[in-house]
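Have a look at the structure, and then we can walk through it together.

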Amino acid sequence: SIYGTASDGLQVYHNGTDSFITDQGTGVLHLQGDSLVKIRSNAGENYAVFNENGAVDLYYNNVKKFETTTDGTLITGGWTTTGNSITYGNIEFPDGRKAQFGTSNDLQIYHDGSDSYIKEIGTGTLRFQSNGGAIDFYKDSTEFLARFKTDSGIELYFDGTKRLETLTDGAKVTGNLEVTGTITGAGGSF
């Protein structure tokens, strides 16, 4: 069916394989509804839902994965499991693509194909903050590299063994301490 003139109208047709709704004109194709517009499968599964004065929801296999909110967007979805890891609502970026934050994209998080980066490229400071017990750096889920413990000190590790820690009255070294220069203090030089 053609609505309007043949060269400048709306066409609804089937070509023997696929069905089409095509705007051949110079104007805008509008899909309108009083409260919401849904794009669904014949079986009733949602592909996209457009709510009047509300969210736009996108689905994968009839499960909502993405929605717009008053504050921006919300990524939702099912569980993804890989080995012992469970992830909820993934956003995937190919190698070399960056998640960028700030007006000038000052904070960047990305993987270049070999290495992973968290970069502050602006004039500010990259800050790690925690109201919890610590900020931990791991080799894997069981071997510490460093621990910055809230209100109780810093610990540095070598191959999973604590070698240096700060204490309320100074620092403690476990193992040998090699000094290549002069040690000075209240008692003089050594």
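Predicted model: local features only at pLDDT ≥ 70, side-chain atom pairs only at ≥ 80, totals over all residues.

Strands β5 (residues 46-51) and β6 (residues 56-60) run antiparallel to each other and are joined over three bridges.

- β5 and β6 belong to an open sheet of five strands, ordered β4-β5-β6-β7-β8, with antiparallel pairing.
- The edges are taken by β4 (36-40) and β8 (72-75); each has a single partner strand, so one side of each has no neighbour in the sheet.
- From one strand to the next, the twist averages 15 degrees.

**Aromatic pairs**
- The model holds six aromatic pairs.
- One of them is edge-to-face: the rings of Phe 137 and Phe 148 lie 5.9 Å apart, centre to centre, with 75 degrees between the planes.
- Phe 137 sits in strand β14 (residues 134-138) and Phe 148 in strand β15 (residues 144-149), so this pair ties together parts eleven residues apart in sequence.
- Phe 137 is partly exposed at 35% relative accessibility, and Phe 148 is partly exposed with a relative accessible area of 35%.
- Tyr 138 and Phe 144 make a stacked pair, with 4.8 Å between centres and 25 degrees between planes.
- Tyr 138 is partly exposed, at 39% relative accessibility.

- Over the ring of Tyr 110 sits the charged end of Lys 98, 4.7 Å from the ring centre.

Definitions and conventions:
Residues numbered from 1 in each chain as written. Heavy atoms only, no water. Phe/Tyr/Trp six-rings, centres within 6.5 Å; stacked < 30°, edge-to-face > 60°. Helix = DSSP H or I, 4+ residues; strand = E, 2+ residues; numbered from the N terminus. Buried < 20%, exposed > 50% of the residue type's maximum accessible area, 1.4 Å probe, protein only. Lys NZ or Arg CZ within 6 Å of the ring centre and 35° of its normal. Pairing = 2+ DSSP bridges. Axes fitted to C-alpha atoms, helices over the stretch in contact; angles between N-to-C directions.
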